[in-house]
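Q: Could you show me how to read a protein model, one feature at a time?
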Amino acid sequence: MEHLLWWQYALIGAIFIWSGFVRSGLGFGGAVLALPFLLLVKNDPLLFLPIISIHLLVFSSWIAWQGSRTLKKETKSATDNSDIPKEAQSNIAWGYLKKALGIMIVPKLIGVFGLLTLPGNIVTGVIFVIVAVFAVSYILNKPFYTNNKFLDTVFLMLGGYVSGTSLIGAPLIVSVFATKVPRHQLRDTLFVLWFILVMIKMASFLIAGVDLQLIHQLWLLPCALIGHVFGQKLHERIQKAETPVFFQFIGWALLIVCGFGLYSTFML
């Protein structure tokens with residue numbers, strides 16, 4: 001990145017503000033909605049993926065910690081906590097998170113080490129089409145429930161594989177988690193999941209000797225922080241919305257993510 005022009009640096013900073021806003025507001029989509037723009041500035045995914053990964057590690061751990069601290073304060077102020085289920089006292093759905101990780105971990109590792117021969121753009125395209133179907137069902141206020149453990153497993157495995165090959169497996173994973181995890185736990189649960197998955201991805205970067213662009217974190221992290229602050233306000237508004245509105249918002253967000261994802265996969 002040392003050889004870029006000043007306007008390229010300015011655009012990259014603005015895009016990372018946008019990325020932080022989306023990540024904090026929705027809990028997903030920060031990478032997918034930023035990468036197409038970043039690749040228009042400089043068509044080199046390995047230049048930006050390590051930066052995005054580090055941002056995910058920093059902000060996912062921070063948001064999960066904030067959520068835990070807020071919930072502890074609310075629980076402490078309650079008159080009787082003994083009747084509240086243990087799972088409900090947490091901002092993270094640990095039970096389903098562990099179950100999902102057990103399903104995703106092997107495909108994730110396969111994706112990281114590139115052991116499958118399927119073309120990456122084909123796998124990604126299929127995933128975004130599937131997620132678009134989920135998104136439309138949310139927008140029409142008719143969320144698609146599979147009630148089928150096999151299909152849920154397939155979707156999570158595909159999401160794990162694509163998150164191993166890149167960082168764009170979130171839409172398919174979210175489409176499953178959104179119907180399995182209580183809405184007040186959804187964002188923080190996803191951030192813990194992103195933290196674990198990105199740690200595996202970072203290990204692959206280190207093994208491959210990829211430049212992590214650490215010097216540029218000094219100015220890109222503050223850019224992402226600006227977006228994070230405004231995204232937090234958006235998240236608070238989403239949380240206060242009625243359940244149908246909440247799912248419709250998630251649906252539109254997923255549909256937009258799919259549009260950008262398909263564009264970046266087949267057009268760039």
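The dialogue below goes from the whole chain to two single residues.

A: This is a predicted model, in which local features need pLDDT of at least 70 and side-chain atom pairs count only at pLDDT 80 or more, while totals for chains, interfaces and linings use all residues. Residues are numbered from 1 along each chain as its sequence is written, and side-chain values use heavy atoms, with hydrogens and water left out.

Q: How many helices and strands does the secondary structure of the chain come to?
A: Helices (H or I, at least four residues) and strands (E, at least two) are DSSP runs, numbered from the N terminus. Here the chain has ten helices and zero strands.

Q: What percentage of the residues in the chain is buried?
A: Buried means under 20% relative accessible area, exposed over 50%, and partly exposed in between (1.4 Å probe, protein chains only). Of the 268 residues in this chain, 51% are buried.

Q: Where is Ala93 placed, and why does Ala93 count as buried or exposed?
A: Ala93 sits in the loop between α3 (45-77) and α4 (94-113), and Ala93 counts as buried because its relative accessibility is 3%.

Q: Which residues does Gln217 touch?
A: Contact means heavy atoms within 4.5 Å. Leaving aside residues up to four places away in sequence, Gln217 touches Pro50, Ile51, Ile54, His55, Leu212 and Pro222. Gln217 belongs to helix α9 (residues 217-240), and with a relative accessible area of 6% Gln217 is buried.
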